[in-house]
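Welcome! Let's take a walk through this structure together, one region at a time.

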Amino acid sequence: MTQPLDNIVTEELRWTGEEYSKDYLRAHEITNTGIPEEFVETPEFLWDRLRIKEQGARTREDKALMPKGYDLHLIVAKDTTNGEVVGAGLGSSLPLTPMRGSVGLLCYAAVDPKYQGRGIHKRLSVERYKKIEEDSQNFNLPLLGYVAEVEFDNHEEATMLRKNGFQRLDVDFMQPGIDAEKGVNAMYPPEKIQLFYRPAPNGVTPEMARHVRFSPDLIRAIGRAIFRKEYVENPLKDSIPYQMYLESIEGRDSIGFKPPYKVNSKN
Ligand SMILES: CC(C)(COP(=O)(O)OP(=O)(O)OC[C@H]1O[C@@H](n2cnc3c(N)ncnc32)[C@H](O)[C@@H]1OP(=O)(O)O)[C@@H](O)C(=O)NCCC(=O)NCCS
């Protein structure tokens, strides 16, 4: 059970100019503490993506992120007693053009250890759902669900997601190799990662998860959107991890969740 959230407010952090804001640097520090080295991102990477939101696309890569409404939200939690950022969560909206719908992607979130266990992560998640719902209205595309990529050893995150209406999709999803400086880098080997999905609006219970099936077209489109918008892998026909993902879907009539469906299962 979490304690009350006195003195904590959440807000969307935006790009404010060429220089990083103090709040951004703190959010970057919190989200990059304690994660494996290859996933640590330089502050430039996300700051530049936030810039595109404010200033519009400049380069070809910017444009690949923007058409038809891609939106990225960095939500921060602040302690109002000292104005410090104490938690941050990143989410984005991915339009699925062939489906005429969109899905929300819950990317990473982290809370300062001194503030953990007070429901801040929950607040960051709820705020991200709200932003993603607003995006779907703005894009004029119905919101189909939410996805999250989860490392195989992150049992804590898997359990939290299961408690909140997500289950693991029965597919082999691959992340491209990632380099801290340059983002995706073909020199690093692709890595298997779990793809969790929560159908909108309320997700599934373990009992529902046993029976529900999705069209392979939907699942393929979700993966494609993640590769395009998160990893900016282009062209996708040359992406080995994306082609491996497609192979795991190939020839299937429908796709469901992967057992076990229990809320507290070890993935
Ligand atoms: C994991 C971590 C972010 C939790 O932060 P926290 O503020 O201590 O977490 P909370 O106090 O909000 O407890 C988690 C709550 O959020 C809820 N929650 C988690 N994911 C959720 C989601 N997607 N939607 C809605 N609620 C969610 C949980 O159910 C839980 O609520 P409950 O107490 O009612 O069951 C924190 O321990 C941390 O920073 N760890 C290191 C980074 C990390 O592992 N991040 C994993 C996510 S990428």
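Sorted by class, the residues in the shell around the ligand are 8 nonpolar, 8 polar and 5 charged. Keep in mind as you look that this is a predicted model. Among the 21 residues around the ligand, those that come nearest are Ala110, Gln116, His121, Lys122 and Ser125.

Where in the chain does this shell come from? Domain 1 (1–139) and domain 2 (142–267) each contribute at least three residues to the shell around the ligand.

Now let's turn to strand E10 and its partners. Strand E5 (residues 143–150) runs antiparallel to strand E10 (residues 191–199), and 6 bridges join the two. One of the pairs to look for is valine 147 with its bridge partner in E10, tyrosine 197. Strand E6 (residues 167–168) also pairs with E10 in the antiparallel sense, over 2 bridges; here arginine 168 has phenylalanine 196 as its bridge partner. Strand E7 (residues 173–175) is antiparallel to E10 too, joined by 3 bridges, and methionine 174 is partnered with lysine 192.

Our last stop is aspartate 253, which you will find in the segment after helix H8 (240–249).

Key:
Residues numbered from 1 in each chain as written. Predicted model: local features only at pLDDT ≥ 70, side-chain atom pairs only at ≥ 80, totals over all residues. Helix = DSSP H or I, 4+ residues; strand = E, 2+ residues; numbered from the N terminus. Pairing = 2+ DSSP bridges. Near = placed C-beta within 6 Å. Nonpolar A, V, L, I, M, F, W, Y, C, P; charged D, E, K, R; others polar. Domains from an automatic or database assignment.
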